[in-house]
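Me: Could you take a close look at one part of this structure for me, the way its elements pack against one another? I'd like a connected walk-through, with the residues spelled out.

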Amino acid sequence: MKTFLKYIVLASVIFTISCSKSGTKALEKGNYYEAVLQSVEKLKKDSDNSKALEVLPTAYKNAQEEFTRDIARARNANQQFRWENILEYYNKLNKMQESIERCTACRRIVSPQTYYRETEEARDNAAAERYAVGNDILRRNNVSKLDARAAYDHFEKITIFAPNYKDARNRLEEALNLGSVHVVVEQPKINSRLYQYSNDYFQDKVEEFLRTNRRINKFIRFYAPEEAKTVKLRPDHVVRLEIIDFVVGETNIATDRQNVTSKDSVKTGEATVNGKKVPVYGKVNATIIKSRKAVRSRGILSMEIFDYQTNKTLSREEIPGEYTWVNEWASFNGDERALTTTELNMTRSREQLPPPPQQLFIEFTKPIYDQVTSRIRRFYDKY
């Protein structure tokens with residue numbers, strides 16, 4: 001009995017899946033467009049599928065009538081951008097026609113109608129309407145950035161459904177330029193000839209950021225000072241970077257002298273017992289002198305963002321960075337067997353010279369750079 005029920009359930013599932021793939025379910029729910037596409041896909045795989053053969057003619061007729069009614073209703077409606085809705089309906093009508101034409105079994109039972117001429121008319125009308133609205137915005141006196149961004153949205157939509165319409169792409173770029181916040185990022189300044197070469201590292205990183213992040217979002221455009229000068233830019237904002245305080249090579253040496261004893265007894269010699277030599281065991285001692293040299297370098301970078309037109313400071317932060325180079329070594333007197341493995345390894349190390357000052361300067365600016373770029377991104381998120 002249980003086996004019989006399993007077969008009944010399995011048959012029911014297979015039937016449901018079959019109905020779904022053939023478009024029956026979509027047809028019953030009134031989703032005529034989906035019913036057409038599903039039945040076409042089914043007939044491409046199985047040209048004799050009875051359910052799909054039954055669904056397709058009915059679904060296509062109903063979908064066609066539904067879309068033409070919607071088109072007529074939209075044409076008569078006094079609604080802005082109604083041509084985009086009309087274009088979407090025609091695109092669906094054409095998609096049904098193209099799908100059916102690519103299916104031999106489908107063509108035998110349905111003769112789909114094409115709407116290419118009507119589609120082009122709708123596309124031109126939709127583009128013209130968007131173009132007129134966007135163009136009117138750009139023709140205003142003293143177009144605000146918000147208005148320019150609204151115009152950009154109109155031209156961007158045109159490029160989606162009518163990419164070659166008039167000079168929409170040029171107008172899109174114009175709107176983008178007017179709607180953008182143009183930001184010049186100055187190279188970090190440092191009042192020191194000694195570390196000028198090292199400062200080149202930070203400057204190179206800033207230039208790399210500008211090359212790879214011309215726009216961190218659609219309406220933020222970054223410029224290097226040279227680029228801004230070339231295009232005669234009057235920026236909206238300027239990001240000024242300056243290392244205002246730094247110390248390189250602050251050295252501290254500490255020593256620690258310890259008397260240590262071996263953890264276990266070890267052979268320390270021999271003794272004669274009853275005329276025989278036997279080993280003598282005991283713990284051994286040593287004195288270890290541990291040395292640690294720490295060379296600390298640190299600095300503070302000031303990041304100021306100000307409005308170029310009003311010279312008003314919009315943001316000012318001081319960003320710290322630090323790097324410490326460490327060298328550890330040791331020496332000992334006494335029995336090395338009193339030392340742990342770690343201590344013994346330390347005695348094999350020697351005092352080393354720290355990196356040159358220029359390299360130390362570079363190292364403490366690395367974490368500063370990461371903070372600068374993240375804070376610039378965070379600041380312009382709100383724009």
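Reply: Happy to! Contact here means heavy atoms within 4.5 Å. Please keep in mind that this is a predicted model.

With that cut-off, let's begin with helix α3, which covers residues 32–45, and its meeting with α5. From α3 come Tyr33, Val36, Leu37, Val40 and Lys44, and they meet Lys92, Lys95, Met96, Ser99 and Ile100 of α5. Sorted by class, this contact holds six nonpolar residues, three charged ones and one polar one. As for geometry, the two axes come within 10 Å and cross at roughly 15°. Angles under 35 degrees count as roughly parallel, so α3 and α5 are roughly parallel to each other. The crossing of α3 and α5 is left-handed.

Now for another partner of α5. Helix α5 spans residues 82–101 and helix α7 spans residues 116–138; their axes come within 8 Å and cross at roughly 155°. An angle over 145 degrees counts as roughly antiparallel, so that is how α5 lies relative to α7. This crossing, too, is left-handed. On the α5 side the contact is made by Arg82, Trp83, Glu84, Ile86, Leu87, Tyr90, Asn91, Asn94, Gln97 and Glu98, while α7 supplies Tyr116, Glu118, Thr119, Glu121, Ala122, Arg123, Asn125, Ala126, Glu129 and Arg130. The residues in this contact divide into eight charged, seven nonpolar and five polar.

If we leave aside neighbours within four places in sequence, threonine 119 is in contact with Leu87, Tyr90, Asn91 and Asn94. Take tyrosine 90: it is 29 residues away from threonine 119 in sequence, yet their C-alpha atoms are 5.6 Å apart. With asparagine 94 there is a polar contact, joining its side chain to the side chain of threonine 119 at 2.7 Å.

Let's go back to α5 for glutamate 101, which is found in that helix. Its relative accessible area is 33%, so glutamate 101 is partly exposed. Not counting residues up to four places away in sequence, glutamate 101 touches Arg107 and Pro112.

Finally, α7 has a meeting with helix α9, which covers residues 168–179. The axes of α7 and α9 come within 11 Å and cross at roughly 40°. That angle makes α7 oblique to α9. Their crossing is left-handed. Tyr131, Asn135 and Leu138 make the contact from α7, and Ala168, Arg171, Glu174, Ala175 and Leu178 make it from α9. By class, the residues here are five nonpolar, two charged and one polar.

To put the pieces together: α5 is roughly parallel to α3 and roughly antiparallel to α7, while α7 is oblique to α9.

Notes:
Residues numbered from 1 in each chain as written. Predicted model: local features only at pLDDT ≥ 70, side-chain atom pairs only at ≥ 80, totals over all residues. Heavy atoms only, no water. Axes fitted to C-alpha atoms, helices over the stretch in contact; angles between N-to-C directions. Helix = DSSP H or I, 4+ residues; strand = E, 2+ residues; numbered from the N terminus. Parallel < 35°, antiparallel > 145°, perpendicular 65-115°, else oblique. Left-handed = near helix turned anticlockwise from the far one by under 90°. Nonpolar A, V, L, I, M, F, W, Y, C, P; charged D, E, K, R; others polar. Polar contact = N/O pair within 3.5 Å; in protein donor to acceptor, adjacent residues only side chain to side chain. Buried < 20%, exposed > 50% of the residue type's maximum accessible area, 1.4 Å probe, protein only.
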